[in-house]
Amino acid sequence: MHQDILTWAIALMLGVPVVAIALNEVIERLQRQNIPLLETLQHLRNLVLPFLTAWLVMRQILILEPSANLVRTAETLFWVTIIYTGLSFLNTTLTTRKKPKVWQIRVPNLYLLLARASVVLLIGVHILSNIWKIDLAQITTTLGVGSLVVALALQDTLSNLVSGFLLLMERPFEEGDWLKISLRTGTNFEGEVIEMNWRAVRLRTRNRDIIIIPNGELGKTTFENYTLLNPLHAERVFVRFSYNDLPNQVIDILQKAALETTGILADPQPNIRIKEYGDFFISYELKIYINNYSKKDDIRGELLKRIYYAVKRNKLTIPLPTQMEYSLDQALLKNEVPQERILEYLEALPYLAFLDPSTINKLARSAIVEEYGIGECIVKAGNLDKGFFIVWDGCVNLLVKNSQGKEQEVFRLSSGDCFGEMSLLAGQPSLVAVKVVQDLQAIVIPTEVIIDLAEHSPKFALEINRLIEERDKAIKRI
């Protein structure tokens with residue numbers, strides 16, 4: 001007996017300091033490396049180790065009976081610190097955040113709650129039954145009828161809990177998915193899943209409101225998941241045009257507007273078809289594909305904006321159900337800029353000032369005014385210029401890809417500046433991409449007209465050649 005006491009005394013005298021020193025060393029290293037397990041190890045050193053030592057001293061050195069209240073209290077405190085340390089470990093290694101850190105494992109919130117409850121319940125049962133010798137089976141039997149009453153009172157809560165587990169097992173959605181839920185009451189909700197716990201699922205709508213739907217209700221209804229398995233989503237947009245607009249022309253213009261809209265995929269490509277013939281219009285359906293459902297409304301709005309500018313440039317007509325008679329100038333009815341204003345503007349440009357009036361008048365007669373919205377790409381690098389553009393109002397960027405493959409600004413052009421100079425060199429593609437950064441009105445002179453001007457005006461040809469060389473040097477620097 002004395003030999004056993006001596007052995008335990010030596011073991012505790014040597015072992016406890018060694019373990020404490022080892023834990024201190026590990027904690028210091030974790031502090032330098034900023035590793036989050038630091039808190040768990042501190043609980044082991046400051047809580048678990050002292051109570052474990054006290055309990056072992058009472059049992060193995062002082063030879064106190066296990067049934068003694070002091071021993072039971074010490075052992076109970078030891079297991080309580082184990083619970084506290086275990087919960088700290090779970091909170092460090094498990095997370096419900098969408099983007100866990102390297103050392104963390106992402107789990108649904110319900111699983112994390114279950115893990116915490118399991119630690120507390122299992123150790124709690126051990127403390128009550130093995131340390132304090134409480135007959136839990138007898139208590140359960142005694143409370144049987146009461147448990148039935150409680151179960152009936154909590155049937156909705158239990159239904160939510162069970163439904164939550166079933167949803168987690170089936171995994172019909174995850175945090176970040178977009179759902180459309182149709183409840184039995186006839187109410188529909190659409191939103192992003194931001195949390196799922198033991199009782200309910202929380203959705204955040206496009207209006208940034210939070211909707212809480214009990215798991216039990218969710219398990220009895222149907223819902224659409226827009227992002228499960230494949231984020232690809234088809235969106236439909238309807239527009240109407242006049243019978244005077246040729247369908248093939250309209251479809252081509254809508255197709256180009258869709259493909260130039262950020263967020264709309266080129267594969268699968270947009271599908272445009274005639275939907276119906278109305279009393280005073282032809283209805284067209286645009287079926288576009290996106291892979292970011294949360295940006296659906298923004299992409300749709302951007303597409304409609306692109307269509308507006310394309311309609312104005314191509315003189316299409318969006319019909320109205322009423323007829324109105326105007327006594328305005330014909331050019332205004334067609335939304336065209338009078339030729340006199342174009343002529344005045346061209347005469348004021350320094351790089352055209354040396355031309356005779358008849359030549360400038362010819363340019364004005366052949367020119368048209370086009371409008372573009374912010375973000376539109378007028379010319380893509382590697383494509384042929386569509387004509388010679390003179391900025392009347394607004395602003396554009398000339399962009400070129402650098403060595404990293406990213407677009408970089410070369411020039412920013414505003415009122416009076418020009419681009420599309422490569423149209424003078426037959427068959428030569430544009431070296432830059434031209435994108436609108438401020439709503440643009442541009443005078444566009446057809447390619448054949450500007451080439452003819454360069455051939456008959458050496459001074460204008462030299463001016464354009466200087467411009468091409470200047471921009472070419474800037475591009476090479478990038």
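1. Aromatic pairs. This predicted model contains 12 aromatic pairs. One of them joins tyrosine 226 and tyrosine 293, whose rings are stacked with 4.2 Å between centres and 10 degrees between planes. Tyrosine 226 belongs to the loop between strand 7 and strand 8 (233-241), and tyrosine 293 to the loop between strand 10 (282-290) and helix 10 (296-313), so this contact ties together parts that are 67 residues apart in sequence. Both partners are buried: tyrosine 226 has a relative accessibility of 13%, and tyrosine 293 a relative accessible area of 3%.

2. An edge-to-face pair. The ring planes of tyrosine 308 and tyrosine 309 meet at 85 degrees, with the centres 5.3 Å apart, so the pair is classed as edge-to-face. Tyrosine 308 is partly exposed at 46% relative accessible area, whereas tyrosine 309 is buried at 10%.

3. A ring cluster. Trp55, Phe78 and Trp79 are linked into a cluster through ring pairs.

4. Charges over rings. Arginine 206 is placed over the face of tryptophan 178, 4.5 Å from the ring centre. In a further case, the charged end of arginine 471 lies over the ring of phenylalanine 411, at 5.8 Å from its centre.

5. Five strands form an open sheet in the order 6-5-4-3-7, with antiparallel pairing. From one strand to the next, the twist averages 40 degrees.

6. Pairing at strand 6. Strand 5 (residues 200-204) runs antiparallel to strand 6, and 5 bridges connect the two. Within this pairing, alanine 200 stands opposite proline 214 of strand 6.

Conventions
Residues numbered from 1 in each chain as written. Predicted model: local features only at pLDDT ≥ 70, side-chain atom pairs only at ≥ 80, totals over all residues. Heavy atoms only, no water. Pairing = 2+ DSSP bridges. Helix = DSSP H or I, 4+ residues; strand = E, 2+ residues; numbered from the N terminus. Axes fitted to C-alpha atoms, helices over the stretch in contact; angles between N-to-C directions. Phe/Tyr/Trp six-rings, centres within 6.5 Å; stacked < 30°, edge-to-face > 60°. Buried < 20%, exposed > 50% of the residue type's maximum accessible area, 1.4 Å probe, protein only. Lys NZ or Arg CZ within 6 Å of the ring centre and 35° of its normal.
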